[in-house]
Amino acid sequence: MIQRRTALHLLGLSALSPLLAAPARAQDSYPNRPVSMLVPFPPGGVADTVGRPVADAMGRALGQSVVVENKGGAGGGIGMAQVAKAKPDGYSLLMALSSIVVLPEADKVLQRAPLFTLDQLRPVARFSADPTVLVVRGDSPWKTYADFIAHARAKPGSVTFGSSGNYGTMHVPMEQLKAATHTFMLHVPYTGAGPAVLALLSGQVDALSTGPSSVMQHIRAGKLRALAHWGEGRLPMLPEVPSLKELGVPVTYSQWAGLFAPAGTPEPVMAKLRQAARAAVDDPRARQNLATAGSSFQFQDAPEFERFVQAEALAMAALVKRIGRVD
């Protein structure tokens with residue numbers, strides 16, 4: 001009887017062994033089909049500008065296509081939530097901007113259920129971190145930052161600025177500027193940086209703050225004019241444009257883009273994604289595409305990027321509380 005039970009037990013283990021080995025084989029063979037990289041904004045913004053060359057290069061490194069999918073809404077929150085709740089198998093990735101650390105805190109301020117929480121996502125790599133740039137139309141009467149801010153002070157509420165959505169990476173720096181200069185400017189949120197830039201070009205709004213890669217082609221063409229930026233010193237791509245700190249306004253803001261996977265993604269899959277991310281940064285074609293757009297790689301691997309994200313989350317939580325409720 002004991003021998004029979006032992007035999008049945010061994011047969012049971014034998015039958016289960018292919019099932020137990022299946023996840024390990026799946027991780028070893030990853031990826032064996034195309035990978036989705038969700039950009040939670042419409043085309044034309046920083047996440048899209050960084051995401052497409054990165055996806056192309058990562059696809060070559062992984063041996064499978066990495067397909068960019070744009071899905072805007074709620075300042076990026078809808079797309080971020082989709083990946084946060086996706087199956088953690090490495091086939092659903094997120095190219096997010098720095099608003100990813102702001103939106104959960106904004107949900108608290110607005111007293112609503114969060115679309116996602118940071119612990120639902122796992123940092124893979126940071127690719128860029130560019131200071132945002134204050135831009136107006138090329139035919140604007142404001143030739144300098146001094147002209148712009150003098151008008152905003154003299155006529156409160158007469159200046160409108162566009163953004164990618166409430167508490168997004170184009171909204172937060174303008175709220176910093178308003179607070180630091182004691183000015184009132186009207187906020188007009190759009191569904192992403194691309195639509196906000198088009199709104200500025202068409203005269204629907206007067207100004208905006210965005211990453212250089214969203215507007216460099218229009219600055220070069222003379223359609224837009226950069227007045228100042230939220231970084232330190234001078235930017236290589238805009239050496240004639242002063243920083244706000246240089247102009248006596250003590251604010252800084254960086255619009256960074258980084259790759260995330262759902263929490264729980266297996267370590268072997270994470271290792272392959274990290275390797276592919278590093279390969280993308282070293283890829284000549286990706287580097288050239290990003291440089292043409294007016295940006296450059298500022299890479300952080302997963303451990304360093306995770307520490308960076310946590311520090312950013314703390315800093316942005318305090319900032320969102322200062323901004324307060326924005327409906």
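How many bridges join β4 to strand β11 (residues 300–301), and do the two run parallel or antiparallel? The answer is given in the first legend below. This is a predicted model, in which local features need pLDDT of at least 70, side-chain atom pairs count only at pLDDT 80 or more, and totals for chains, interfaces and linings use all residues. Residues are numbered from 1 along each chain as its sequence is written, and side-chain values use heavy atoms, with hydrogens and water left out.

View 1. Strand β4 (residues 121–131) has 10 of its 11 residues buried, so it is largely enclosed by the rest of the structure. Buried means under 20% relative accessible area (1.4 Å probe, protein chains only). Strands are DSSP runs of E, at least two residues, and helices are runs of H or I, at least four residues, numbered from the N terminus. β4 is joined to β11 by 2 bridges, in antiparallel orientation, with D301 as the bridge partner of A125. Another 9 bridges link β4 to antiparallel strand β10 (residues 254–262), where P131 is partnered by S254. Strands pair if DSSP finds at least two bridges between them.

**View 2. Surroundings of M95.** M95 is one of the residues touching the most other members of the largest nonpolar core, which has 83 residues. Such a core is a set of buried Ala, Val, Leu, Ile, Met, Phe, Trp, Tyr and Cys residues joined through side-chain atoms within 4.5 Å. Beyond four places in sequence, the contacts of M95 (heavy atoms within 4.5 Å) include V50, F127 and L259.

**View 3. Helix α8.** In helix α8 (residues 212–220), 7 of 9 residues are buried, including M216 and I219. G222, with a positive phi near 80°, follows α8.

Notes:
Buried means under 20% relative accessible area, exposed over 50%, partly exposed in between (1.4 Å probe, protein chains only).
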